[in-house]
Amino acid sequence: MTDTSIRTRFAPSPTGMFHVGNARSLLLNWVVARQSGGTMVLRIEDTDAARSRPEWTEGILSAMAWLGVDSTQYEGPYSQTEAADKHTEAAQRLLKEGLAYYCDCTREQVQARRDNPNLGYDGYCRDRGLEQGPGRALRFRVPEGGPTVVEDKIRGRVEFGHEALEDFVIARGDGTALFVLANVVDDVEMGITHVIRGEEHLSNAPKQQLLWEALGHTPPVWAHAPVLVNDKRQKLSKRRDKVALESFQTEGYLPETMVNYLMLLGWAPGEDREIMPIEEMTPLFDLADVNSSPAFFDEKKLRAFNGDYTRALDVDEFVEHCTPYLENEEVPWRSEDFDPEVFERIAPLVQSRVAVLSEIVSNVDFLFLDTPAFDEKSWAKAMKPGIGAEMLTAAISVYSDASLPWDAETLKGALEQVGAAQGLKLGKAQAPVRVAVTGRTVGLPLFESLELLGRERTLERLRAALERLSS
């Protein structure tokens with residue numbers, strides 16, 4: 001059963017980055033709107049001119065589109081500054097109705113009147129009858145008594161005693177509205193029925209509910225999703241943690257992975273499943289099932305999810321996703337040395353081994369470089385006396401035989417045989433060859449790599465490694 005009257009809203013501030021917490025809020029609003037047949041409204045909270053740039057708004061739209069929420073999936077975007085006149089009008093209406101008053105108290109004056117500097121505003125100007133003027137803020141008159149009860153779909157009944165709610169500022173002396181009022185006015189004007197956002201906004205809910213009621217409207221359905229924390233159970237911070245969605249996108253996480261994982265932060269679909277596309281999650285989701293406890297943003301688990309999603313791609317899809325990482329100015333090889341056909345042949349092996357797409361370059365660089373980029377620790381480990389030079393010499397000898405078929409199975413058997421002659425199992429026997437050819441002890445299957453590299457280039461690298469050892 002659908003309810004097309006449901007209107008959620010996603011209202012991010014343009015800050016130059018798209019926080020994963022914002023991404024989670026976006027998805028919750030989007031899913032609730034989708035499952036009800038309702039509408040999600042996109043509103044850019046741009047009243048802070050110093051933090052609002054057109055390119056940052058474009059960044060929001062781009063991040064949303066990457067997650068699968070393109071312009072066909074929402075109404076808007078609207079700009080909060082476009083409704084400045086309505087914000088001012090609402091502030092003046094509250095003033096005329098005696099629900100707000102002007103105050104000229106400074107923070108220092110308030111603190112000087114209170115025994116405890118941590119206490120809030122004391123209502124000093126409530127009955128002074130001040131007019132609008134420079135340095136005079138408009139405060140909302142919090143009703144006596146109380147409490148204000150916020151019925152939250154996630155947290156249940158939350159009470160806020162009015163004794164702890166100071167008469168809060170809703171507009172500056174120049175008449176411009178503060179966020180707390182502008183937000184409510186916009187929601188009323190846009191017919192928002194559900195406000196779904198992060199827990200950090202819960203403290204605003206009683207103030208906004210009072211404003212909804214003071215303006216003569218029924219408050220929306222509230223839902224405050226759990227705060228996201230790191231492995232130390234600290235709230236995610238952009239100064240300390242990796243929180244920008246763009247950084248995960250650049251690193252090579254798939255959007256399907258991010259959507260799936262973010263939806264599981266505080267909620268589980270049941271059925272003992274975690275890997276689940278958003279189309280299957282949507283009908284199962286219920287705000288009432290979201291856990292109110294802090295949700296651990298576990299990057300290791302996210303990485304594992306991405307590995308699962310990456311391996312599930314068709315090989316052609318995987319190759320397509322890889323292309324931006326293989327054909328750009330930052331790759332270590334010359335652009336003319338990259339061979340798409342060679343990559344396509346090795347792609348299935350790469351696909352089964354990478355967790356994020358950015359790892360592709362280090363897995364295949366040896367195929368497109370003139371000489372491998374040696375990891376010195378790998379070199380020292382593989383080229384130990386009694387093994388390194390001996391195995392390189394043996395490999396050169398056996399692989400120089402032009403009659404030896406150049407395919408992975410034959411190459412493996414030949415090296416296994418010469419290794420056994422020196423009392424070495426294949427694992428130890430192939431280590432010097434792997435490092436000589438790829439530069440590392442860990443990587444793609446060696447013999448499939450040799451097959452693609454070709455006899456001439458393989459022998460060239462084995463001889464170069466032997467010469468390096470000799471010198």
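This is a predicted model: local features need pLDDT of at least 70, side-chain atom pairs count only at pLDDT 80 or more; totals for chains, interfaces and linings use all residues.
Residues are numbered from 1 along each chain as its sequence is written, and side-chain values use heavy atoms, with hydrogens and water left out.

The patch gathers Glu256, Asp314, Asp316, Glu317, Glu320, Asp339, Glu341 and Glu344; patch members have over 30% relative accessible area and no salt bridge, and like charges are joined within 9 Å. At least two of its residues are supplied by each of α11 (315-326) and α12 (340-351), where helices are DSSP runs (H or I) of at least four residues and strands are runs (E) of at least two, numbered from the N terminus. Glu341 is found in helix α12 and is exposed, with a relative accessible area of 58%. Here exposed means over 50% relative accessible area, buried under 20%, and partly exposed in between, with a 1.4 Å probe and protein chains only.

Side chains of opposite charge can pair when their charged atoms come close. The structure holds 27 salt bridges, each being a side-chain nitrogen of Lys or Arg within 4 Å of a carboxyl oxygen of Asp or Glu. The table lists some of these pairs.

| Salt bridge | N to O distance |
|---|---|
| Glu45 and Arg43 | 3.2 Å |
| Arg334 and Asp337 | 2.6 Å |
| Asp365 and Arg440 | 3.0 Å |

Asp365 lies in helix α13 (residues 360-368) and Arg440 in the loop between α17 (426-438) and α18 (446-453), so this pair ties together parts that are 75 residues apart in sequence. Asp365 is buried at 5% relative accessible area, while Arg440 is partly exposed at 21%. In another pair, Arg334 is partly exposed at 41%, and Asp337 is also partly exposed, with a relative accessibility of 25%. Glu45 and Arg43, by contrast, are both buried, and they belong to a network of salt bridges that also links Arg9, Asp186 and Asp187.

Burial can also be followed along a whole helix. Eight of the nine residues of α8 (residues 255-263) are buried, so this helix is largely enclosed by the rest of the structure. Among the buried residues are Pro255, Tyr261 and Met263. The buried residues of α8 pack against α1 (20-36), α2 (54-66), α7 (245-251), α9 (278-281), β12 (295-296) and α10 (299-312), where contact means heavy atoms within 4.5 Å.

Terms used:
Patches are made of residues with over 30% relative accessible area and no salt bridge: like charges are joined within 9 Å, nonpolar side chains (Val, Leu, Ile, Met, Phe, Trp, Tyr) within 5 Å. Accessible areas come from the Shrake-Rupley method with a 1.4 Å probe; for residues, only the protein chains shown count as cover. Lys and Arg count as positive and Asp and Glu as negative; His and the chain ends are not counted. The place of a charge is taken as NZ of Lys, CZ of Arg, CG of Asp or CD of Glu.
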